[in-house]
Amino acid sequence: MHTHHQEDGASDKRIATAFFLNVSFTIIEFIGGWLTNSTAIMADAVHDLGDSLSIGSAWFLNRAGNKSANSVFTYGYRRLSLFGALINGLVLIAGSIWVLSEAIPRLADPVMPVTEGMLALAVLGVTVNGFAAYRLSKGTSLNEKILNWHLLEDVLGWLAVLIISIILQFADWPILDPLLSIGFTLFILFNVVRNLWVTGKLFFQAVPDKALHDEIKKTLVSIEGVNEVHHLHLWSLDGEHHVLTAHLTLDNNNVSSENYLAMKQTIAESLSQYDLDHTTIELELNQEHCRDFSDHETASQ
C-alpha cells in the first residue's frame, strides 16, 4: 500500500539526486568556462551554483519536514517544505532577473563566443540537467515542482547554448545568444511566478482548493441531522497534507446518545473520501451559542 511516508522518502531521494548532479556539473562548468575562456559559461556556472544552494536547502528542509510532531510543533514540520519552496521560488526569480540584466545589454553589442567548447559543454549540460529534471518531474510536492523549474531553466539554457553553438559554426550571428537567453528566461519566469503565487497563498493559510472547500461543505450540509455548517476552515501544511476544522449545528430531534455516535460515524465516513490529514469537528445544538462566533468569520458561514 502506497503511503505518505513512502512518498516522502521518494521525494527526499529525488531531491538528493538533483542536488549531487547539479553540484557536480557546476564544478565542471567552472572548469570548462575557464578552459574555453567563455564568460557565458562562467555566468551559467554562477547561476547553477545558486541553483545548487537552493536545491541543497530544499533537500535539508524536505528532510526536516518529515520529522514527527511534538509538543511544540503539534502539526509536525511539513511547513518547512513549503517554506523551502517559497525561498527557492524567490531565488529563481532573482536569478532570472540577473540573467535578463546580462542578456539584454548584449543585444546592442553581441560577442562571438567560443563555439567548440560551448558545444561540448552544452551536450553534457542537457544530459545531466535533463536527467535531474526528469527525476524531479515524478514528484508531486510543491517543493519538487519549484526545484524542477530550476533544472528546467538549466535544460532550456543548455539547449539554447547547443543550438547557438551549432548555428554559429556556420553563421556569424552572435546576437542569437542573448535573444534565446531572454526567450527561455521569460518563459521560466512566468511559470515560476505562477507557482510562487500558489505557494505564497498556501504559506499564508489560504484554501488550497476552492472547489474542494465547497465540495466538503456541501457534503457536510447534506448529512441527515445537520442543519448548518459554519467556521469551516480548510488549509494545507505543505500543499498536499490538508487540515480541516468545522462547526456543525445539529437538529435537536436527533441528539440521543445513539444518534450522536451514529452522527459522528457518518461524518467520519463522509470525510474519508477527501484524504485529509487532520480533522476537527465541533458538534453544536440549535439553541447553543457558538463560542467562536465572530463578525469577522463571515467567509465560512
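## Strands 1 and 2

Strand 1 (residues 226–236) and strand 2 run antiparallel and are joined by 8 bridges. Here strands are DSSP runs of E with at least two residues, numbered from the N terminus, and two of them pair if DSSP finds at least two bridges between them. In this pairing, S236 stands opposite H242 of strand 2. The hairpin formed by the two strands has 5 residues between them, and G239 takes a positive phi near 95 degrees there.

A note on the model: it is predicted, so local features need pLDDT of at least 70 and side-chain atom pairs count only at pLDDT 80 or more, while totals for chains, interfaces and linings use all residues. Residues are numbered from 1 along each chain as its sequence is written, and side-chain values use heavy atoms, leaving out hydrogens and water.

## Strand 2 and its other partner

On to strand 3 (residues 278–285), which pairs with strand 2 in the parallel sense over 8 bridges. T249 stands opposite E284 of strand 3.

Why is strand 2 (residues 242–250) largely enclosed by the rest of the structure? Because 8 of its 9 residues are buried (under 20% relative accessible area, 1.4 Å probe, protein chains only).

## Nonpolar cores

A nonpolar core is a set of buried Ala, Val, Leu, Ile, Met, Phe, Trp, Tyr and Cys residues joined through side-chain atoms within 4.5 Å. The largest one has 18 residues, and those touching the most other members include L220, V226, L244 and L248. Helix 7 (210–221), strand 1, strand 2 and helix 8 (257–271) each supply at least two residues of this core. A second, separate core has 12 residues, among them A16 and V155.

Key: Buried < 20%, exposed > 50% of the residue type's maximum accessible area, 1.4 Å probe, protein only. Helix = DSSP H or I, 4+ residues; strand = E, 2+ residues; numbered from the N terminus.
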